[in-house]
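Subject: Structure for your review

Dear colleague,

Please find below the structure that I am handing over to you. My notes on its salt bridges follow.

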Amino acid sequence: MAATRVLLLLSRRAESPGFAHSVCRLLGAGPGLGPWSTHCGLKRGRLVLSDGPLPGASTRLPLQQFGARAAELPTNRGVDLGVAVILQSSDQTVLLTRRTSTLSVSPNLWVPPGGHVELDEELLDGGLRELWEESGLQLPQGQFSWVPLGLWESAYPPRLSWGLPKYHHIILYLLVVSQESQQQLQARIQPNPNEVSAFMWLGPDVAAAVAATEDGTETPRHLPQELPPSVLAVELEEDGGTRPLALPVSTLLRTTPTTAEGKERVSTGTKFALRLWLQRLGR
(Lines give C-alpha, C1' and ligand atoms only; values in the text may rest on other atoms or scores of the structure.)
Protein backbone atom coordinates (compact mmCIF):
# COMPACT_ATOMS: atom_id res chain seq x y z
CA MET A 1 0.00 0.00 0.00
CA ALA A 2 1.21 3.51 -0.73
CA ALA A 3 2.37 5.80 2.05
CA THR A 4 -0.40 6.80 4.44
CA ARG A 5 -1.74 10.25 3.57
CA VAL A 6 -4.72 10.29 5.96
CA LEU A 7 -4.18 8.96 9.49
CA LEU A 8 -6.99 8.45 12.01
CA LEU A 9 -6.70 8.42 15.79
CA LEU A 10 -9.61 6.36 17.11
CA SER A 11 -9.65 6.18 20.91
CA ARG A 12 -5.98 7.30 20.65
CA ARG A 13 -5.16 4.30 18.46
CA ALA A 14 -3.61 5.10 15.06
CA GLU A 15 -5.36 3.62 12.03
CA SER A 16 -4.92 4.04 8.28
CA PRO A 17 -8.34 3.97 6.58
CA GLY A 18 -8.62 1.71 3.55
CA PHE A 19 -10.04 2.80 0.21
CA ALA A 20 -13.43 1.19 0.94
CA HIS A 21 -13.79 2.75 4.40
CA SER A 22 -15.78 5.92 5.04
CA VAL A 23 -13.57 8.21 7.09
CA CYS A 24 -16.65 10.02 8.39
CA ARG A 25 -18.13 6.77 9.67
CA LEU A 26 -14.88 5.65 11.28
CA LEU A 27 -14.79 8.95 13.17
CA GLY A 28 -18.27 8.25 14.52
CA ALA A 29 -20.31 10.56 12.28
CA GLY A 30 -24.04 10.07 12.47
CA PRO A 31 -26.53 9.49 9.64
CA GLY A 32 -26.81 11.99 6.80
CA LEU A 33 -24.19 14.01 4.99
CA GLY A 34 -23.12 16.27 7.86
CA PRO A 35 -21.06 18.34 8.30
CA TRP A 36 -19.58 17.09 11.56
CA SER A 37 -16.87 18.75 13.62
CA THR A 38 -13.65 16.75 13.85
CA HIS A 39 -10.27 17.25 15.49
CA CYS A 40 -7.63 17.88 12.86
CA GLY A 41 -3.84 18.08 12.82
CA LEU A 42 -2.04 19.51 9.79
CA LYS A 43 1.19 17.57 9.31
CA ARG A 44 3.76 17.68 6.52
CA GLY A 45 2.30 15.73 3.61
CA ARG A 46 -0.31 14.13 5.84
CA LEU A 47 -3.61 14.86 7.58
CA VAL A 48 -4.33 13.54 11.07
CA LEU A 49 -7.99 13.24 12.08
CA SER A 50 -9.09 12.22 15.56
CA ASP A 51 -12.29 11.34 17.40
CA GLY A 52 -10.90 13.18 20.44
CA PRO A 53 -8.70 16.19 21.24
CA LEU A 54 -5.22 16.12 19.71
CA PRO A 55 -2.15 17.03 21.75
CA GLY A 56 -0.21 20.05 20.57
CA ALA A 57 -1.31 22.41 17.83
CA SER A 58 -4.55 21.30 16.25
CA THR A 59 -7.90 22.67 15.22
CA ARG A 60 -11.50 21.57 14.82
CA LEU A 61 -12.85 21.65 11.28
CA PRO A 62 -16.18 20.77 9.69
CA LEU A 63 -16.02 17.45 7.83
CA GLN A 64 -18.63 16.44 5.27
CA GLN A 65 -18.92 13.49 2.93
CA PHE A 66 -20.39 12.98 -0.49
CA GLY A 67 -20.03 10.02 -2.81
CA ALA A 68 -20.87 6.40 -3.36
CA ARG A 69 -19.65 3.44 -1.35
CA ALA A 70 -19.68 -0.18 -2.43
CA ALA A 71 -18.31 -3.51 -1.22
CA GLU A 72 -16.33 -4.39 -4.37
CA LEU A 73 -13.58 -1.83 -3.92
CA PRO A 74 -9.78 -2.11 -3.81
CA THR A 75 -8.36 -3.51 -0.57
CA ASN A 76 -4.72 -2.56 -1.24
CA ARG A 77 -5.23 1.20 -1.43
CA GLY A 78 -5.71 3.88 1.16
CA VAL A 79 -7.47 7.23 1.25
CA ASP A 80 -5.60 9.95 -0.63
CA LEU A 81 -5.13 13.58 0.37
CA GLY A 82 -5.87 16.67 -1.67
CA VAL A 83 -5.81 20.39 -0.97
CA ALA A 84 -7.79 23.20 -2.60
CA VAL A 85 -7.33 26.97 -2.26
CA ILE A 86 -10.26 29.33 -1.90
CA LEU A 87 -8.40 32.46 -3.01
CA GLN A 88 -10.15 35.62 -1.80
CA SER A 89 -9.27 39.00 -3.25
CA SER A 90 -9.19 42.13 -1.11
CA ASP A 91 -12.58 43.09 -2.55
CA GLN A 92 -14.13 39.78 -1.42
CA THR A 93 -14.41 37.69 -4.56
CA VAL A 94 -13.08 34.14 -4.92
CA LEU A 95 -11.41 32.41 -7.84
CA LEU A 96 -12.97 29.34 -9.48
CA THR A 97 -11.59 27.47 -12.49
CA ARG A 98 -13.35 25.15 -14.95
CA ARG A 99 -11.56 21.85 -15.49
CA THR A 100 -10.97 20.94 -19.12
CA SER A 101 -13.33 18.52 -20.87
CA THR A 102 -10.43 16.14 -21.64
CA LEU A 103 -9.59 15.35 -17.99
CA SER A 104 -10.51 11.83 -16.89
CA VAL A 105 -11.67 12.97 -13.44
CA SER A 106 -14.37 15.62 -12.97
CA PRO A 107 -14.28 17.16 -16.47
CA ASN A 108 -16.08 20.50 -16.94
CA LEU A 109 -16.47 21.06 -13.20
CA TRP A 110 -15.99 24.48 -11.64
CA VAL A 111 -13.62 24.11 -8.70
CA PRO A 112 -10.99 26.14 -6.83
CA PRO A 113 -7.36 25.47 -7.76
CA GLY A 114 -6.08 22.35 -6.03
CA GLY A 115 -4.70 18.85 -6.31
CA HIS A 116 -2.56 16.23 -4.60
CA VAL A 117 -0.19 17.05 -1.78
CA GLU A 118 3.35 15.73 -2.05
CA LEU A 119 4.74 13.69 0.85
CA ASP A 120 7.39 16.28 1.71
CA GLU A 121 5.10 19.32 1.49
CA GLU A 122 3.42 21.38 4.14
CA LEU A 123 -0.27 21.50 3.27
CA LEU A 124 -0.27 25.26 2.66
CA ASP A 125 2.76 24.91 0.39
CA GLY A 126 0.93 22.21 -1.57
CA GLY A 127 -2.07 24.47 -2.01
CA LEU A 128 0.03 27.44 -3.13
CA ARG A 129 1.93 25.18 -5.56
CA GLU A 130 -1.32 23.96 -7.10
CA LEU A 131 -2.58 27.55 -7.29
CA TRP A 132 0.55 28.51 -9.22
CA GLU A 133 0.51 25.43 -11.49
CA GLU A 134 -3.14 25.93 -12.50
CA SER A 135 -3.54 29.71 -12.53
CA GLY A 136 0.01 31.06 -12.78
CA LEU A 137 -0.55 33.10 -9.61
CA GLN A 138 2.26 33.35 -7.08
CA LEU A 139 1.35 35.26 -3.92
CA PRO A 140 4.11 37.44 -2.46
CA GLN A 141 5.11 36.52 1.08
CA GLY A 142 3.59 38.82 3.67
CA GLN A 143 0.74 39.85 1.36
CA PHE A 144 -1.74 37.15 2.26
CA SER A 145 -3.17 35.34 5.26
CA TRP A 146 -4.67 31.88 5.43
CA VAL A 147 -6.83 29.60 7.57
CA PRO A 148 -8.10 26.03 7.10
CA LEU A 149 -11.80 26.10 6.18
CA GLY A 150 -12.99 22.49 6.23
CA LEU A 151 -12.62 18.91 5.06
CA TRP A 152 -14.52 17.06 2.34
CA GLU A 153 -14.60 13.28 1.91
CA SER A 154 -14.98 12.62 -1.79
CA ALA A 155 -15.42 9.56 -4.00
CA TYR A 156 -15.24 9.65 -7.79
CA PRO A 157 -17.40 8.81 -9.63
CA PRO A 158 -19.87 10.35 -7.15
CA ARG A 159 -22.73 7.95 -7.97
CA LEU A 160 -22.81 4.17 -8.26
CA SER A 161 -24.91 4.56 -11.41
CA TRP A 162 -21.72 5.96 -13.00
CA GLY A 163 -19.64 2.95 -11.93
CA LEU A 164 -17.64 1.90 -8.87
CA PRO A 165 -15.47 4.57 -7.24
CA LYS A 166 -11.94 4.83 -8.61
CA TYR A 167 -10.75 7.63 -6.34
CA HIS A 168 -11.25 8.31 -2.63
CA HIS A 169 -9.91 11.52 -1.14
CA ILE A 170 -10.05 13.76 1.86
CA ILE A 171 -9.84 17.30 0.50
CA LEU A 172 -8.63 20.10 2.78
CA TYR A 173 -10.02 23.49 1.76
CA LEU A 174 -7.78 26.42 2.67
CA LEU A 175 -8.98 30.02 2.65
CA VAL A 176 -6.16 32.24 1.39
CA VAL A 177 -6.93 35.96 1.68
CA SER A 178 -4.83 38.17 -0.59
CA GLN A 179 -4.14 41.85 0.00
CA GLU A 180 -4.47 42.36 -3.76
CA SER A 181 -7.72 43.25 -5.50
CA GLN A 182 -9.47 41.09 -8.06
CA GLN A 183 -8.20 43.42 -10.80
CA GLN A 184 -4.59 43.12 -9.61
CA LEU A 185 -4.76 39.32 -9.38
CA GLN A 186 -6.57 39.08 -12.72
CA ALA A 187 -3.74 40.94 -14.44
CA ARG A 188 -1.29 38.20 -13.43
CA ILE A 189 -3.35 35.09 -14.15
CA GLN A 190 -1.87 32.68 -16.71
CA PRO A 191 -4.07 29.55 -16.66
CA ASN A 192 -2.64 26.15 -17.51
CA PRO A 193 -4.58 25.04 -20.64
CA ASN A 194 -3.95 21.37 -19.83
CA GLU A 195 -6.12 21.65 -16.73
CA VAL A 196 -8.12 24.89 -16.98
CA SER A 197 -10.54 25.87 -19.75
CA ALA A 198 -12.03 28.97 -18.07
CA PHE A 199 -11.94 30.96 -14.84
CA MET A 200 -14.08 33.49 -12.99
CA TRP A 201 -14.32 35.54 -9.82
CA LEU A 202 -17.42 34.83 -7.76
CA GLY A 203 -18.92 37.41 -5.42
CA PRO A 204 -20.83 36.64 -2.21
CA ASP A 205 -24.34 37.08 -3.63
CA VAL A 206 -24.00 34.57 -6.48
CA ALA A 207 -21.84 32.32 -4.29
CA ALA A 208 -24.67 32.15 -1.74
CA ALA A 209 -27.12 30.99 -4.42
CA VAL A 210 -24.66 28.40 -5.70
CA ALA A 211 -23.90 27.13 -2.19
CA ALA A 212 -27.63 26.75 -1.46
CA THR A 213 -28.29 24.30 -4.30
CA GLU A 214 -28.65 20.73 -3.07
CA ASP A 215 -27.48 17.58 -4.77
CA GLY A 216 -30.07 14.83 -4.96
CA THR A 217 -32.83 17.23 -6.00
CA GLU A 218 -34.41 17.35 -9.45
CA THR A 219 -34.02 21.10 -9.87
CA PRO A 220 -32.23 23.84 -7.94
CA ARG A 221 -34.07 26.08 -5.54
CA HIS A 222 -35.97 29.06 -6.87
CA LEU A 223 -33.59 31.77 -8.02
CA PRO A 224 -33.73 35.04 -6.08
CA GLN A 225 -34.94 37.82 -8.34
CA GLU A 226 -31.92 40.00 -7.61
CA LEU A 227 -29.49 37.49 -9.12
CA PRO A 228 -28.05 38.43 -12.51
CA PRO A 229 -28.86 36.08 -15.41
CA SER A 230 -25.15 35.53 -16.04
CA VAL A 231 -21.72 36.15 -14.55
CA LEU A 232 -18.60 37.22 -16.42
CA ALA A 233 -15.95 34.55 -16.90
CA VAL A 234 -12.84 34.27 -19.06
CA GLU A 235 -12.55 31.32 -21.46
CA LEU A 236 -9.31 30.01 -22.97
CA GLU A 237 -9.12 29.69 -26.75
CA GLU A 238 -7.27 26.98 -28.70
CA ASP A 239 -4.70 29.47 -30.02
CA GLY A 240 -3.69 30.39 -26.48
CA GLY A 241 -5.74 33.56 -26.25
CA THR A 242 -8.73 34.32 -24.06
CA ARG A 243 -12.21 35.69 -24.59
CA PRO A 244 -14.96 36.95 -22.26
CA LEU A 245 -17.70 34.47 -21.47
CA ALA A 246 -21.19 35.32 -20.20
CA LEU A 247 -21.81 32.23 -18.08
CA PRO A 248 -25.48 31.62 -17.21
CA VAL A 249 -26.02 31.52 -13.46
CA SER A 250 -28.32 28.55 -14.06
CA THR A 251 -25.24 26.55 -15.14
CA LEU A 252 -23.66 27.18 -11.74
CA LEU A 253 -26.81 25.98 -9.96
CA ARG A 254 -26.88 22.53 -11.57
CA THR A 255 -26.75 19.49 -9.30
CA THR A 256 -24.98 16.16 -9.85
CA PRO A 257 -26.65 14.31 -12.78
CA THR A 258 -27.80 10.72 -12.38
CA THR A 259 -25.83 9.60 -15.42
CA ALA A 260 -22.14 10.03 -16.14
CA GLU A 261 -22.47 13.14 -18.25
CA GLY A 262 -19.74 15.77 -18.33
CA LYS A 263 -22.21 18.55 -17.62
CA GLU A 264 -20.73 21.88 -16.68
CA ARG A 265 -21.51 22.63 -13.03
CA VAL A 266 -19.97 23.55 -9.70
CA SER A 267 -18.67 20.53 -7.79
CA THR A 268 -20.51 19.54 -4.63
CA GLY A 269 -17.37 19.92 -2.54
CA THR A 270 -16.93 23.44 -3.88
CA LYS A 271 -20.48 24.32 -2.78
CA PHE A 272 -19.58 23.09 0.70
CA ALA A 273 -16.43 25.24 0.72
CA LEU A 274 -18.38 28.29 -0.50
CA ARG A 275 -20.83 27.86 2.39
CA LEU A 276 -17.93 27.85 4.85
CA TRP A 277 -16.41 30.93 3.15
CA LEU A 278 -19.70 32.82 3.40
CA GLN A 279 -19.99 31.92 7.08
CA ARG A 280 -16.58 33.50 7.70
CA LEU A 281 -17.75 36.63 5.86
CA GLY A 282 -20.85 36.70 8.05
CA ARG A 283 -23.13 36.36 5.01
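Is arginine 243 buried, partly exposed or exposed? Its relative accessible area is 40%, and because buried requires a value under 20% and exposed one over 50%, arginine 243 counts as partly exposed. Please bear in mind that this is a predicted model.

Arginine 243 forms a salt bridge with glutamate 235, and their closest N and O atoms are 3.1 Å apart. Glutamate 235, in contrast, is buried, with a relative accessibility of 14%.

Glutamate 235 also meets the side chain of arginine 98 in a salt bridge, at 2.8 Å from N to O. Arginine 98 belongs to strand E7 (residues 94-99) and glutamate 235 to strand E13 (residues 230-236), so this pair ties together parts that lie 137 residues apart in sequence. Both arginine 98 and glutamate 235 are buried.

These residues belong to a network of salt bridges that links Arg98, Glu235, Glu237, Arg243 and Glu264.

A further salt bridge joins arginine 44 and glutamate 122, with 3.3 Å between the closest N and O atoms. This pair, too, links distant parts of the chain, 78 residues apart. Arginine 44 is found in the loop between strand E3 (36-43) and strand E4 (46-50), while glutamate 122 is in the loop between strand E9 (114-116) and helix H2 (123-135). With a relative accessibility of 31%, glutamate 122 is partly exposed.

In total, a search of the whole structure finds nine salt bridges.

Yours sincerely,
A colleague

How values were computed: Residues numbered from 1 in each chain as written. Predicted model: local features only at pLDDT ≥ 70, side-chain atom pairs only at ≥ 80, totals over all residues. Heavy atoms only, no water. Salt bridge = Lys/Arg side-chain N within 4 Å of Asp/Glu carboxyl O. Helix = DSSP H or I, 4+ residues; strand = E, 2+ residues; numbered from the N terminus. Buried < 20%, exposed > 50% of the residue type's maximum accessible area, 1.4 Å probe, protein only.
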